[in-house]
Amino acid sequence: MCLSEVFTSFIFILCSVIAPLLTDEEALLPAPQNISILSTNMKHFLTWSPVTVPGETVRYSVEFQGEYERDYANEIWIPISECSLITVTQCNVTEDISATVPYNLRVRANLGSRSSKWSTLKVLFNRITTFLTPPVMEVSTDGYHLLVKLEDLGPTFQFHIFYWRKGQESWVHKKTVKEISSVVHLDTMEAGAEYCVKAQTYVEAINRSSNFSQAQCVRGPDGGRATWMMTAMVSFVGFVVGVLTLPFLAWKMSQTFQYSCCPVVVLPDTLKVTESPATLIHCRSEGTECCDVAVHVIPPEEILRLWIQDAL
Ligand SMILES: *[C@@H]1O[C@H](CO)[C@@H](O)[C@H](O)[C@H]1NC(C)=O
Ligand SMILES: *[C@@H]1O[C@H](CO)[C@@H](O)[C@H](O)[C@H]1NC(C)=O
Ligand SMILES: *[C@@H]1O[C@H](CO)[C@@H](O)[C@H](O)[C@H]1NC(C)=O
Ligand SMILES: *[C@@H]1O[C@H](CO)[C@@H](O)[C@H](O)[C@H]1NC(C)=O
């Protein structure tokens, strides 16, 4: 009884000392080290340091375990078929990480019939920790339209676009874009005003946003101001010309009338209303002849022509 117990213990100790030695003999391959997840913009990659055996090509196989498998499916591991016996030291696990729950991942090395032990992540991975980069953005104008072009990151991504008129930072507009077609129209700009735009990506599945991109500013066309200035300038020049020419025209007119009609008397009809009717009568009675002759010599069309010449 006592002896057999000692014997059993001896066998047990012997086995537990020898067994690992035998296993090690079979699995000479070291397990991959430095296993980690790189996750940027919801794209996840498992990476590890290579296992090197001189003159041989070591292959790797990757498996994952989601929350469901861990808690409700006997802790089974699911092989990733795209990463079965691969020669690279990286596995795209984006498709497999399909929920916002903690995942575990493991990798082992293979060489012929020999395999290493599994190397497992030290910390479970949750895609909520993905690194979101500010969107690449290009702000432009088309006439008075403020436009922005954003890099297409796929259907998982939305963009929060903020824009404001420079100098009116308290007045910020927000636009959320779900589908990036090509170029997004933000607003119609005021002539000559400068507008600034910044954007961040948002991922609904993890309720997280990236940092903002650096603001980019563009100025609307100066067309409106230019037209206004042109109008103002033309008006001013016209006014100056008018002011300078008007007295001259008036003087020329009076001259013309003076030459057409002998005395001072004919033009007064319009220009010298203050003339006494007596003078007018005097003209009519005394200078009828010359007036009539004058009218024949220089007809109204000719006077008009003279005016136009003067005006030009
Ligand atoms: C693991 O990474 C560290 C630092 O990046 C490096 O020094 C070490 O050599 C790596 N281990 C292996 C087995 O490559
Ligand atoms: C990783 O897989 C995702 C999903 O299948 C794919 O969209 C992405 O382009 C892949 N990335 C690389 C670098 O292969
Ligand atoms: C998303 O996160 C914000 C805080 O960052 C929280 O106020 C909001 O309720 C969350 N939305 C959802 C749908 O979980
Ligand atoms: C976002 O910006 C803050 C402050 O500028 C910085 O500390 C942080 O690292 C940035 N985060 C990312 C994900 O780039």
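Here is a short walk through a sheet and a loop of this predicted model.

Let's begin with the sheet. Strands of a sheet pair through backbone hydrogen bonds, and the pairing can be parallel or antiparallel. In this open sheet, 3 strands lie in the order β1-β2-β5, and their pairing is antiparallel. β1 (33-40) and β5 (90-92) are the edge strands, each pairing on one side only. On average, neighbouring strands of this sheet are turned by 20° against each other, direction ignored.

Now look at how β1 meets β2, the strand of residues 43-49: the two run antiparallel and are joined by 6 bridges. You can pick out one opposing pair here, with serine 39 facing histidine 44 in β2.

Is asparagine 126 buried or exposed? Its relative accessibility is 19%, and because buried means under 20%, asparagine 126 counts as buried. Beyond its neighbours within four places in sequence, asparagine 126 contacts Thr100, Val101 and Pro102.

Valine 136 also belongs to the loop between β8 and β9. Valine 136 has a relative accessibility of 54%, so this residue counts as exposed, the cut-off for exposed being over 50%. Which residues does valine 136 touch, not counting those up to four places away in sequence? They are Lys149, Leu150 and Glu151. One last stop is threonine 201: in sequence, valine 136 and threonine 201 are 65 residues apart, while in space they are 9.8 Å apart, C-alpha to C-alpha.

Notes
Residues numbered from 1 in each chain as written. Chains lettered and ligands numbered in written order. Predicted model: local features only at pLDDT ≥ 70, side-chain atom pairs only at ≥ 80, totals over all residues. Heavy atoms only, no water. Buried < 20%, exposed > 50% of the residue type's maximum accessible area, 1.4 Å probe, protein only. Contact = heavy atoms within 4.5 Å. Helix = DSSP H or I, 4+ residues; strand = E, 2+ residues; numbered from the N terminus. Pairing = 2+ DSSP bridges. Axes fitted to C-alpha atoms, helices over the stretch in contact; angles between N-to-C directions.
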